[in-house]
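Here are a few notes to read alongside the model. Have a look at the fold before going through them.

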Amino acid sequence: MSPLRYPVLVSPLSAEDGGGFLATVPDLPGCMSDGETPQEAFSNVQDAIESWIEAAQDMGRDIPQPSLQAAFG
């Protein structure tokens, strides 16, 4: 499954949270990453998606199919 097929929500982090941007994958609970820019957060979350899928496979869990909706934030 290609990590690029999953919708990603990128949102700014507050200064209290260290600033930058947070990228989350609504289809994969707990799958997230961050970065200094929206592009960096998006790029970093691709590795997180691959790791999430690998961990789920190792545990014998089902891999959710990507939703048909893209999320923007």
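The points below cover the sheet, its pairings and a charged patch.

1. A word on the source: this is a predicted model, where local features need pLDDT of at least 70, side-chain atom pairs count only at pLDDT 80 or more, and totals for chains, interfaces and linings use all residues. Residues are numbered from 1 along each chain as its sequence is written, and side-chain values use heavy atoms, with hydrogens and water left out.

2. Start with the open sheet: three strands in the order β1-β2-β3, with antiparallel pairing. Strands here are DSSP E runs of at least two residues, helices H or I runs of at least four, and two strands pair if DSSP finds at least two bridges between them. At the edges sit β1 (9–12) and β3 (32–35), each pairing on one side only.

3. Now the pairings: β1 and β2 (residues 21–24) are joined by four bridges, including L9 with T24 and V10 with A23. Another four bridges link β2 to β3, and there T24 stands opposite M32.

4. Which residues form the negative surface patch? They are D47, E50, E54 and D58 (over 30% relative accessible area, no salt bridge, like charges joined within 9 Å; areas by Shrake-Rupley with a 1.4 Å probe; a salt bridge is a Lys or Arg side-chain nitrogen within 4 Å of an Asp or Glu carboxyl oxygen). D47 lies in helix α1 (residues 38–58).

Conventions. Patches are made of residues with over 30% relative accessible area and no salt bridge: like charges are joined within 9 Å, nonpolar side chains (Val, Leu, Ile, Met, Phe, Trp, Tyr) within 5 Å. Lys and Arg count as positive and Asp and Glu as negative; His and the chain ends are not counted. The place of a charge is taken as NZ of Lys, CZ of Arg, CG of Asp or CD of Glu.
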